[in-house]
Amino acid sequence: GEPSYKINDTAFNKSEIEPKLAEIFSTRQEKVMFVKGDASLDFRRVAEVIDFGHQADVDNIGLITPAVEAGH
């Protein structure tokens, strides 16, 4: 099935992600975002979201891994 997409805790359809990111980052000086995907998710889905960030002119995109989330 199709994964769910969220920006912070707000759900969006896949087609809404890039325009929403563009809106969010259009007024920010620092363009940094973090992406977190479920461990069972195919990485291609995560890569798509990273591409959406690049299309929205985000400068730095980090991945939140289980180790990062645990503070390591």
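**The second largest pocket and its setting**

Author: At least two residues of the lining of the second largest pocket come from each of helix 2 and helix 3 (66-69). Helices (H or I, at least four residues) and strands (E, at least two) are DSSP runs numbered from the N terminus. The model is predicted, with local features requiring pLDDT of at least 70 and side-chain atom pairs pLDDT 80 or more, while totals for chains, interfaces and linings use all residues. Residues are numbered from 1 along each chain, and side-chain values use heavy atoms, without hydrogens or water.

The lining of this second largest pocket comprises 13 residues, and those nearest its centre are Gly-37, Asp-38, Ile-64, Thr-65 and Pro-66. A pocket is an open set of points on a 1 Å grid where a 1.4 Å probe fits, with protein on both sides within 12 Å along at least five of seven lines; lining residues have an atom within 4 Å of a point. Its volume is about 230 Å³. By class, the lining holds 8 nonpolar, 2 polar and 3 charged residues.

The largest pocket has about 730 Å³ of space. Its lining consists of 24 residues, with Lys-6, Ile-7, Phe-34, Val-35 and Lys-36 nearest the centre. Strand 1, helix 1, strand 3 and helix 2 each give two or more residues to that lining. The lining of the largest pocket divides into 15 nonpolar, 4 polar and 5 charged residues.

In the largest nonpolar core, which has 14 residues, Ile-17, Leu-21, Met-33 and Val-35 touch the most other members. Strand 1 (5-7), helix 1 (14-25), strand 3 (32-35) and helix 2 (43-55) each contribute at least two residues to this core, and helix 2 gives the most, with 4 residues. Core members are buried and joined through side-chain atoms within 4.5 Å; buried means under 20% relative accessible area (1.4 Å probe). Leaving aside residues up to four places away in sequence, Val-35 touches Val-46, Val-49, Ile-50, Ile-61, Gly-62, Leu-63 and Ile-64. Ile-64 also belongs to the residues nearest the centre of the second largest pocket.

Over the whole protein, 3 helices and 4 strands are present, in the order β-β-α-β-α-β-α from the N terminus. Of the 72 residues, 25% count as buried. The C-alpha atoms fill a box of roughly 30 × 30 × 20 Å along the principal axes. Among contacts (heavy atoms within 4.5 Å) between residues at least 6 apart in sequence, 59% join residues at least 24 apart.

Definitions and conventions
Buried means under 20% relative accessible area, exposed over 50%, partly exposed in between (1.4 Å probe, protein chains only). Grid points are joined across faces, edges and corners, and a volume is the space filled by probe spheres set on the points. Ala, Val, Leu, Ile, Met, Phe, Trp, Tyr, Cys and Pro count as nonpolar, Asp, Glu, Lys and Arg as charged, and the others, Gly among them, as polar.
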